[in-house]
Amino acid sequence: AHRNYEDALSQGHQAYLLEEDDYSRDVFSCNVGNLQPGSKVAVTLRYVQELPLETDGALRYVLPAILNPRYKLSERSEDSCLNIKTPIVPLEDLPYTLSMVATITSQHGIERVQSNCSLSPIQFLADDKTSAQVSLAEGHKFDRDVELLIYYNEVHSPSVAVEMGMPDTKP
């Protein structure tokens, strides 16, 4: 992958390389190369995770703005992306913004979504309010962790989720 990335760059092509950190299995770095001055790049990340339940019944999602203080490496690791020093830049001079759309689904109706950041109004995607979307307000500078608290209706009532098998696949 490294050779392909370097070859593409040397030939003047746009390229990217996503790598898992050798010392921390849940941290990735993405190198984006051969962008023309003033050009823009969009990186789309998609993942699914179970969210922890807070004492008030909310599910809590956090997108950390800074990884380094959360991770202390146990061994010497000069090659780790966690050793990169982040420059301190005044908020008004940050050269980037973050846009994020969260799609929330559950068998329970979604009551509300709160955040420590400005959000667009919640948009329900289903009449029974089991699916919704919220997004960060335009121009978010990502100067702090993005935290979403998701409140469901009847979150403590018993329920069962059944996933249908695929009859044409091998066991």
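These legends describe close-up views of a predicted model.

**View 1. Overall content of the chain.**
The chain has 171 residues, and buried residues make up 23% of them. Its secondary structure comes to 1 helix and 8 strands. Read from the N terminus, the order of elements is α-β-β-β-β-β-β-β-β. Of the contacts between residues at least 6 apart in sequence, 57% join residues at least 24 apart. The chain exposes about 13400 Å², and 50% of this comes from carbon and sulfur atoms.

**View 2. The open sheet E4-E7-E6.**
This sheet is open and has 3 strands, in the order E4-E7-E6, with antiparallel pairing. Strand E4 (101-105) and strand E6 (123-124) are at the edges; each has a single partner strand, so one side of each lacks a neighbour in the sheet. E6 pairs with strand E7 (residues 131-135) in the antiparallel sense, over 2 bridges. Within this pair, Gln 123 lies opposite Gln 133 of E7. Strands of a sheet pair through backbone hydrogen bonds, in either a parallel or an antiparallel sense.

**View 3. The open sheet E3-E8-E5.**
Here 3 strands make an open sheet in the order E3-E8-E5, and the pairing is antiparallel. The edge positions are taken by strand E3 (59-63) and E5; because each has a single partner strand, one side of each is left without a neighbour in the sheet. From one strand to the next, the twist averages 20°. E5 and strand E8 (residues 146-152) are joined in the antiparallel sense over 5 bridges. Arg 112 is placed opposite Tyr 151 in E8.

**View 4. His 108 in the loop between E4 and E5.**
His 108 belongs to the loop that links E4 to strand E5 (110-115). The relative accessible area of His 108 is 12%, so the residue counts as buried, the cut-off being under 20%. Leaving aside residues up to four places away in sequence, His 108 touches Lys 129, Thr 130, Tyr 152, Asn 153, Glu 154, Val 155, Ser 157 and Ser 159.

**View 5. Val 155 in the segment after E8.**
Val 155 is located in the segment that follows E8. With 25% relative accessibility, Val 155 is classed as partly exposed. Apart from residues up to four places away in sequence, Val 155 touches Gly 57 and His 108. Val 155 and Gln 107 are 48 residues apart along the chain, and their C-alpha atoms are separated by 9.4 Å.

**View 6. A nonpolar surface patch that includes Val 43.**
Tyr 16, Val 32, Leu 35, Val 41, Val 43, Leu 45 and Tyr 47 make a nonpolar surface patch of about 730 Å². Among them, Val 43 sits in the loop between strand E2 (28-33) and E3. The relative accessible area of Val 43 is 52%, so Val 43 counts as exposed, for which the cut-off is over 50%.

**View 7. Ser 29 in strand E2.**
Ser 29 is part of strand E2. Its relative accessibility is 21%, and Ser 29 therefore counts as partly exposed. The C-alpha atoms of Ser 29 and Leu 17 are separated by 8.1 Å, the two residues being 12 residues apart along the chain.

How values were computed. Residues are numbered from 1 along each chain as its sequence is written. This is a predicted model: local features need pLDDT of at least 70, side-chain atom pairs count only at pLDDT 80 or more; totals for chains, interfaces and linings use all residues. Side-chain values use heavy atoms; hydrogens and water are left out. Two strands pair if DSSP finds at least two bridges between them. Helices (H or I, at least four residues) and strands (E, at least two) are DSSP runs, numbered from the N terminus. Buried means under 20% relative accessible area, exposed over 50%, partly exposed in between (1.4 Å probe, protein chains only). Contact means heavy atoms within 4.5 Å. Axes are lines fitted to C-alpha atoms, for helices over the stretch in contact, and angles run from 0 to 180 degrees between N-to-C directions. Patches are made of residues with over 30% relative accessible area and no salt bridge: like charges are joined within 9 Å, nonpolar side chains (Val, Leu, Ile, Met, Phe, Trp, Tyr) within 5 Å. Accessible areas come from the Shrake-Rupley method with a 1.4 Å probe; for residues, only the protein chains shown count as cover. A salt bridge is a side-chain nitrogen of Lys or Arg within 4 Å of a carboxyl oxygen of Asp or Glu.
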